[in-house]
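Please walk through the following model from its helix packing to its loops. Terms are given with their cut-offs where they come up.

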Amino acid sequence: VTTPGTDPHRARVIIVLVAVCTALQMTSYGMIFPLFARKIGDFGDSVAVLATSVIAYSLAGVIAAPVMGLLADRYGRRPLILGSFAVFAAAFAGYYVAASSLVFILIRGLAGALTAGLGPATMGLVADVAPEDERARWIGVIGGGTSAGFIIGPVAGGLLYDKWGYGPPFLASIGIALVTLLVAFFAIPETLTREKRRRAALHQERAARLAPETGTAVSFMASLPQPLPAFGTLLLVNLSMVFAWFFIDPQLPFYAFDDLEWSTAQFGAVISCYGWATLIGSLTLGRSSDRFGRKPILIIGLILHSAQYGGLMLTDGYWLIIGAFVIAGLGEALVNPALTAAYLDITPEEHRSRVMGIKTAVGSLGSLLAPALVTIVIRFVAPEGMFLISAAMI
């Protein structure tokens, strides 16, 4: 059955609305992200406990993401998106009232499981409405929304905390998360319509009936993107990028506060500059791989992305580190649209969110293994050594 694609104007409106919701969600998260280390410190704990909370979040994501992706393909994108935004609002409230490190870790674990469908559903939505030759461009717009949140959130949260403590940044974060849910509820439609889901189900039923006659396999392996070596390579790139960041993530705020003697606002400003670079890069460079191919853009982006780890390793100068993060942000703006578009290029239409769920799960595996390794090596490796390992990984 041949059906017309989504009207180009409507497709643009839908993707921009998703980007706005993503920006709001990341703003709310960014406001409290620099405070996690402060809160863990107030409980009397340090890097190992913060790393354990990341492990809990990631382990839950590894388990849940493929299942959530399958649900997004079967029941639609909208329920997964709305459910994830609702869970974020509840989790932020939980972080605020958590009375111990154990409670904090448990809440992060639940949040990791229940929000694992947001990425697969969002990328499935983009693939549903965006023309094939403009996928990277519109994925870049979604990435720009993510970056916009990290421009505003960490700085605002840091300033509020430095002046008034935990209450104002957490309450503002919860409020923005609730606004995000309301905007998504009224503005984001279902792009995987009932007709499309029914057509995909009929197609798979027919393939199953014909399998004995044609000799084709109807299995999980048969639903994976082809060729499999290319899919495996993309997963490896994804794993490496996430591992590299989460290997320094538990260490970075303590290094900034204790060794470099930054304020919370200064740390938030570094993250904000990274967000500015990624935002501008996503909007101006995001479609580069549509024009020049996925592979060269991936390679250039990875080289640039390694600058943040090199900068942290080689200098303690505040402005030099900001410069390194800006370069790294531009690299991420090249890598993420090209990487996600490369997945979608080789993925069957009826399995897009499932494959995005596998991608998310592999990313979560990286964010699980990295902090687990941190808890082992933190006693033996200086922060600069950890930054070197991440740079080498990229």
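In which hand, left or right, does H4 pass H6? The crossing is left-handed, a term for a near helix turned anticlockwise from the far one by less than a right angle, with clockwise giving right-handed. The model is predicted, with pLDDT of at least 70 needed for local features and 80 or more for side-chain atom pairs, while totals for chains, interfaces and linings use all residues. Residues are numbered from 1 along each chain as its sequence is written, and side-chain values use heavy atoms, leaving out hydrogens and water.

Two packed helices are described by the angle between their axes and the distance between the axes. For helix H4 (residues 77-97) and helix H6 (residues 118-129), the angle is about 140 degrees and the axes are 9 Å apart. Helices here are DSSP runs of H or I with at least four residues, numbered from the N terminus. Axes are lines fitted to C-alpha atoms over the stretch in contact, and angles run from 0 to 180 degrees between N-to-C directions. Contact means heavy atoms within 4.5 Å. On the H4 side the pair meets through residues including Arg77, Leu80 and Phe88; on the H6 side, Leu118, Ala121 and Asp128 are among them.

Helix H3 (residues 47-75) contains Leu71, and Ser53 is also found in H3. Ser53 is buried, with a relative accessible area of 0%, whereas Leu71 is partly exposed at 30%. Buried means under 20% relative accessible area, exposed over 50%, and partly exposed in between, with a 1.4 Å probe and protein chains only. Leaving aside residues up to four places away in sequence, Ser53 touches Phe104, Ile105 and Arg108.

Which backbone features occur in the loops? Most residues other than glycine have a negative phi, and most peptide bonds are trans. Glu261, in the loop between helix H11 (251-259) and helix H12 (264-285), has a positive phi near 60 degrees. Glu261 counts as exposed because its relative accessibility is 67%. Pro227 lies in the loop between helix H9 (194-214) and helix H10 (228-248), and the peptide bond from Gln226 to Pro227 is cis, with omega near 0 degrees.

Notes. Helices (H or I, at least four residues) and strands (E, at least two) are DSSP runs, numbered from the N terminus.
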